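The entries follow the order in which I looked things up.

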Amino acid sequence: MPQYFAIIGTRDNPIYEAEFPSISGKNSIGFPRDLKELNPFILHAALDIIEDLQWQMNPNSGGVTTGGYFGTGGNSNSNSNLSVNNSNSSGVGFLRNRSNNNNNMENCYLGKVDHFYGLSITAYLTYGGMKFVMIHGTTGDLGGSAGGNISGDDVGGNASKSAVQIDDNALKLFYQEVHELYIKTLMNPFYRLNDPITTPAFDKRVRALARKHIVTSK
Amino acid sequence: MPHQKIIQTSSIDAQSSTRSTSNTGTHYDDLLYQRSLIYKKNEISLSAMTFLFQEMINYLHQSSSTMSEFELKLSRYGQSIGLRLLELLNFRASLPASLTSIPTRSSILFSSSAPLTDQANSNSTNTPDAIRKREEESSTNADLAKHITKMRRRDLKILDILQFIHGTLWSYLFHHVSDDLVKSSERNNEYMIVDNEPQLTQFIPQSSKFLNSCHFFVCGMIQGFLLNGGFPCSVSPHLMPVDGFDERVIYLIKFDEQVLERESLRF
Amino acid sequence: MNFSYEHYMNLLFHLDYGKETVPSEIAKRIVSNAISPVIAVTSTSELDHHILETYNIDSLYMLLRFFSGCVSDRDQANELEKSQKDKISSNNTLTLPTTSPLPKVRTRGRSRSNSLFQRDSTQSQYIRFTKPLGDVIATKNANDMLFDYHSLEIYLQNYLDLIQKNTDDNTPYELLKKSIYHSFFSLAISSTTILSPYECFNHPVVSLIAVDISLGQNYDDVRDLLVDFKNLNSSTHNFPIFMNTNDMLPVVLLCYDDQFIEQFETCQALTKKIKKQLFVECISLPLWKDSYPSDPQVHLHQPVMSSLEEMIYFLNQPKEVTLPYELIQSIYNILDSLVYNLMIPFMKRKIAFWDETILQPRKSLFHGAKFLKKFMTKTALTHQENLLTKDAQGNEYFTSASSEFLMRKLADWSMMLSDFKTAYATYESLTHDLESFPKYSASCLEWCAVSLLMGAQNIVTVKMLKNDINPLIEKALSTYENCATVLPETDKRNTDELIVVPVRSYETRCMILASELFLSLSDTWTSTPYAISYLETILVECKLGACSQIMIWERLSDCYELRVDPRIKHKAAGTIANTSSPKKSSESDMQGHVMTPSPLTKEDVSNDANNDTDQDIVSKGFTRKRKAAFFRLMAAKKWAEQKRWRQVSWCLQSIDDTYSKIGLADRDDLILKKIQNKLKTAETETIDAGAEKNAEVSHHEVDSPN
């Protein structure tokens, strides 16, 4: 399952993008072409939900702790079910917070926030409101199905293919370490907020982190 | 003793600005990322800081035609620091106690093992040997995130983030928490942070008509911190001397109405 | 001029209204229209010929079609009125008292309710016209489908061609697109002439029998036609066993020439005689008059498309039709009379009768004893199997006389008359009675939910949506789904395809209607996710054609656009109104950046932060605008694949703002730029090749497999 990772600035502007192909034997498998063209838009579409979660007390209530959550949201219409859950949990959420008033849940890592057909989207927020977002490709034969799935006419056939299993702990670690790299970038007084991060040193390190934590090999 | 207090900045802040003049390109970037974000007790002298501050004020004063322009520009200097500190300090606050409890020892430790790399004047040592040493250091110390089990929560409420400013930010900048954090009784979008003995401006004569304006640097830091944390506001300084504290200043924070509105909708 | 429902539904022909907003309660109107009582029009060939000669309209049915929709709207008459306000003060003064033999038209104070925003849709009556019953039955689809996906696609293609022809890239498109969806999609697939055995919305309620007095047609002609109609049950081969002419009200329409007083007198005499001897009511229509040609002529606009069949007809004959103003008024008057004096009382009588003879006995039998009822139905299960009757083709249905079907009819008719309370209660009890007949109970479940949404729209709560309405629809859908598995046992000859598709068409209708009704609720934040989920299910499960699917994609985008938390709605509306001005200011800020002379000034950094103060931080996360843009982009991509360049262009226009601000629009490696380039190439090609060739191309595309 290839991944597409981006850091989104405070004005929805991507400041860093990278694709992590998955490794199969000696070959690395990236996203099919039509998904490559689409990925930034899929990410952008998820920002609404991320901003919603950004200001919720328990953005990932019930999400991160119960492992089953990620596996189940397989078919395409659970997309909206997810949103229903969000709005509901937000309502329940505050009440719970009010009554207990102790929040130990972390709220930087948001876990899975959205999905589009077989693709899952996870997110992480920095303290300055930078959004780290990632699209996780589908498992299985990526050559045609995932791409043809979205662009083709026959959405029905493949849409119910189950979503990707996400290893939350590994992913969280990846996000945290990228966060650290980002802070280091920001500490450079000559780097301006929301500027694209173009230095190869950053890119090199992010890719190394991806290999370490999240890139799967078959 | 109070007059001997020193302003601290992160070692990175201090070093990168000097280093960048001699190093460019990927090499410089590599160094940037090899450096640890961990708290190190690298102190620079108050006189040096004051000198820099004086030059900033001088420069801005000459380039501004009005006082409010001067204040705005000074505030922006502060903001660019504030927005960085927002990320840095929250990140540091996420580090487990085992790492944060040894900052003083660790900095001693590392300065002894690689004494030159942590010094601002070390930019001459680019021998392969020194680079290797730095990489060693980075492998043990540069990547802190993996030690974090739980990131500090992003502050969602006005009170939470103000307390962080009052405590952590102030301690980082001035070595002590701010002297008071007060909510306005008249307007519910106004809060005040009180500093009895503002350090940066202590050498500016009290008779100077600039004194109040010079506080906009700190105001900017507060504002930059809040703004990027999602709390748009304006911050202004007010000199409020009381007995014993002739230079006492109150930083008045006025949050946008939107912030209160969001709070009422969300929480 | 007022912007009326008809205008909206036919916006393609009223492009000058392109900047209006979607009429309120559009979903309720669509449903009301889709289930409006059907009037079958039978006329003698002499009469049709006479009409063709005088007005260049094929038949009486075709003539009346222009007057279907909301009877009380009278919008075609109002159109002229507005231009001639001085001459004609009001509709009601024009009831032609001297010539009309009608009982005086009741002025209900609604006849001028053309304004969309005043009318209470529960008080207005919609009607539809159809061909003579015999013809309708002859064209009955053996597959029991409500509509078929393939023809839907073909008609949509034709409609899109027409749009391509009638518009350009600068046409205001936002309302038009919604109008296309509503008129073509929602209405066309939910209202058809196909006679369903499971519900009776499309079964004619009134049979209008028309003769031409001016040509000397007389009592005998009327009697023969009436006898033919009454005998349809037995005389027609394959007359559906679930229908009965006894449940239809025959009404005789006498068309005469108003120039001759004796014709008028003939009508009056005939009316009395027919009533006395045949027990049938008559209406007289002064279809001709010498003064008509000199009367102001009114352009009739296309009637609201109420079915795919109408679409075909319309696409084949896009001709202008004009009628004299006075005649239009007369037709409206007789329709008023027909509907309010005859049809509605008839329906009410029937409903009362069924209520008394079927519903009440049941209620009292099981009064308060739910347990007993359950017990009874369980044991009666074997009985129930026998209740179904085989028709000539071997399909098993409830007959028109079975109490189950009459109950269903009672409910459907209550729906037609906007008595949602009765409808709901009846559907509700039917869902229990018909549990073992999934095809029947699915439809009942569906309409149970619809009646709830229609009747209680203003009091629907989040809890109701979650606990009552959505489960009903989900249950309806799963029951429809089950039909596919239940059916093969009863009828093994059917192939899978045949079984699945007819049920699917009901399912699709159910989901489209439900999604529209959900969208019409005031709390769109809560309701849109349901609508989205239904539409996505359609995309995934229903075998819609390519263009039809894209229509759904676009509707999904609309849904996300509507997903705004009610608490920030005022803000969202404000930002929409102000979009142009703040955007410009931020643009100039950006330019300011570029102009900053020295790279060493750090102000830039803080400038970035400062600009964020302009953002509306309260609304953040309470809308789904970016999702909406994305779905629009997907639609654009798909339209481009279908070479529907006008649609592509409109889609791109609507998302341009969103994506160009953040730099995604200019990147050559991304889809947006690629679509833009394709569009440019296509446009230059079009100019080169000329319009004619373009038409060929698009037709060619229809056939080419994708």
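The entries below go from the conventions to the interface, then to one helix pair and the salt bridges.

Conventions. I am working with a predicted model, in which local features need pLDDT of at least 70 and side-chain atom pairs count only at pLDDT 80 or more, while totals for chains, interfaces and linings use all residues. Residues are numbered from 1 along each chain as its sequence is written, chains are lettered from A and ligands numbered from 1 in the order in which they are written, and side-chain values use heavy atoms, with hydrogens and water left out.

Interface. I looked up the contacts (heavy atoms within 4.5 Å) and found that 45 residues of chain B touch 51 residues of chain A. The two chains bury about 4100 Å² between them, 56% of it on carbon and sulfur atoms; buried area is the accessible area, with a 1.4 Å probe, that two parts lose on being put together, summed over both. On the side of chain B, the residues that lose the most area to chain A are B:Tyr33, B:Arg153 and B:Arg154, together 22% of what that side buries.

Polar links. I noted 19 residue pairs in polar contact across the interface, both residues at pLDDT 80 or more; a polar contact is a pair of N or O atoms within 3.5 Å, where within protein one must be able to donate a hydrogen and the other to accept it, and residues adjacent in sequence count only if both atoms are side-chain atoms. The rule finds one salt bridge across the interface, a salt bridge being a side-chain nitrogen of Lys or Arg within 4 Å of a carboxyl oxygen of Asp or Glu. The side chains of B:Arg266 and A:Asp52 form a salt bridge at 2.8 Å, N to O.

Helix pair. I then took α6(A), residues 168–187, and α4(B), residues 67–94, whose axes come within 10 Å and cross at roughly 145°. Helices here are DSSP runs of H or I with at least four residues, strands are runs of E with at least two, and both are numbered from the N terminus. Axes are lines fitted to C-alpha atoms, for helices over the stretch in contact, with angles from 0 to 180 degrees between N-to-C directions. Among the residues that meet are A:Tyr182 and A:Ile183 of α6(A) and B:Leu88 and B:Phe91 of α4(B).

Within chain A. The count over all chains comes to 40 salt bridges. I looked up A:Glu106 with A:Lys172, whose closest N and O atoms are 2.7 Å apart. A:Glu106 lies in the loop between α3 (78–100) and β5 (109–116) of chain A and A:Lys172 in helix α6 of chain A, so this pair ties together parts 66 residues apart in sequence.
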